[in-house]
Amino acid sequence: MAEMTVTVAAAKSTLRTCPGARRAAVLGRWMPLAPAAPANLKLFSPAVRVPRATSPAAVEDGSNTDIVPIPKVIIDQDSDPDATIVEITLGDRLGDLLDTMSALKNLGLNVVKASVCLDSTGKHIKFAITRAFTGRKIDDPELLEAVRLTIINNMIQYHPESSSQLAMGATFGPEAPTEEVDVDIATHIDIYDDGPERSLLVVETADRPGLLVDLVKIISDISINVQSGEFDTEGLLAKAKFHVSYRGRTLTEALQQVLCNSLRYFLRRPTTEDASF
């Protein structure tokens with residue numbers, strides 16, 4: 001397909017066919033994520049409020065097939081040294097997402113580039129976003145989680161059929177998921193060495209609001225540095241990949257065990273506290 005360039009909400013946007021399977025992100029070029037600061041947004045509460053879309057008419061109608069595709073939101077901190085890359089997929093049902101770009105602007109962000117990729121799984125929309133007052137990528141876990149919740153909230157608002165496919169549907173949507181994820185079964189934690197200076201932490205678990213912030217906080221609380229990462233929301237599950245290090249070195253076997261135990265305890269414990277979801 002020939003490449004066609006259009007202008008969308010002051011962002012560069014290209015429509016192209018996907019070159020193939022999504023290439024694994026090249027990790028390690030990002031500045032370390034800052035430990036979670038005291039939150040201005042209460043991301044753990046079911047009453048969390050995120051910017052909503054401003055113009056329903058800005059969203060074009062998509063497919064009305066009976067089978068609802070699995071919604072996906074990917075936040076990639078690795079593949080671009082200057083911007084945070086966000087990829088959004090809902091089969092072929094997504095429009096131009098002008099409303100989502102407007103909501104991201106309300107968070108103090110700029111969409112510096114946008115692209116649309118078509119393949120056999122549907123339409124993949126990618127945004128390159130930066131902080132408006134610095135022009136740099138996002139390095140605050142609180143803001144990254146606000147970006148994620150904003151996108152999911154807008155997806156549910158304009159595509160309510162996605163509500164039952166997302167864990168957030170129980171909080172933001174008109175219809176909660178029909179099935180529940182067993183956290184014990186769904187939670188998988190793996191740590192791999194990736195050279196002498198860092199390790200790769202891979203976490204898969206049941207999704208919920210505030211999860212990204214919580215993961216970074218748990219890691220930081222045991223003095224492990226988060227260098228870069230990717231956080232994927234795929235339906236009811238969340239999948240995180242973090243490059244981590246301890247004092248500039250890869251994690252020892254003993255420290256890996258401490259980290260795994262801390263994450264398992266947090267992810268599997270009953271969430272009945274006021275500050276949890």
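Arg93 counts as buried, at 4% relative accessibility. Here buried means under 20% relative accessible area, exposed over 50%, and partly exposed in between (1.4 Å probe, protein chains only). The model is predicted: local features need pLDDT of at least 70, side-chain atom pairs count only at pLDDT 80 or more, and totals for chains, interfaces and linings use all residues. Residues are numbered from 1 along each chain as its sequence is written, and side-chain values use heavy atoms, with hydrogens and water left out.

**Salt bridges**

The side chain of Arg93 meets that of Glu161 in a salt bridge. The term stands for a side-chain nitrogen of Lys or Arg within 4 Å of a carboxyl oxygen of Asp or Glu. Arg93 sits in the loop between β4 (84–89) and α1 (98–105), and Glu161 in the loop between α2 and α3 (169–172), so the pair ties together parts that are 68 residues apart in sequence. Glu161 is partly exposed, with a relative accessible area of 26%.

The whole structure holds 10 salt bridges. The table gives three of them.

| Glu161 | Arg93 | 3.2 Å |

Asp214 and Arg208 are both buried. Asp194 is partly exposed, at 33% relative accessible area.

**The chain and its core**

The protein chain has 6 helices and 10 strands. These are DSSP runs, numbered from the N terminus: helices are H or I with at least four residues, strands E with at least two. Of the 277 residues in the chain, 49% are buried. A contact means heavy atoms within 4.5 Å. Among contacts between residues at least 6 apart in sequence, 69% join residues at least 24 apart.

The largest nonpolar core has 54 residues. Such a core is a set of buried Ala, Val, Leu, Ile, Met, Phe, Trp, Tyr and Cys residues joined through side-chain atoms within 4.5 Å. Leu104, Phe127, Ile129, Val147, Leu201 and Phe242 touch the most other members. Helix α2 (residues 141–158) gives the largest share, 9 residues. At least three residues come from each of domain 1 (72–172) and domain 2 (183–268). Those bounds come from an automatic or database domain assignment. Leu104 touches Leu109, Val111, Phe127, Ile129, Val147 and Ile151, leaving aside residues up to four places away in sequence.

**Helix α6**

Which residues of α6 are buried? They are Leu255, Gln256, Leu259, Cys260, Leu263, Phe266 and Leu267. Seen down the helix axis, they fall within an arc of 140°, so they line one face of α6. The arc is that of the directions from the axis to the C-beta atoms. Their cover includes α4 (183–186), β7 (188–193), β8 (199–206) and α5 (211–221). The face turned away from the buried side carries the exposed residues Glu253, Ala254 and Tyr265.

**Positive phi**

Most residues other than glycine have a negative phi. Leu97 has a positive phi of about 60°. Leu97 lies in the loop between β4 and α1, and is buried at 6% relative accessible area. Ser223 has a positive phi too, near 65°. The place of Ser223 is the loop between α5 and β9 (225–234). Ser223 counts as exposed, at 52% relative accessibility.
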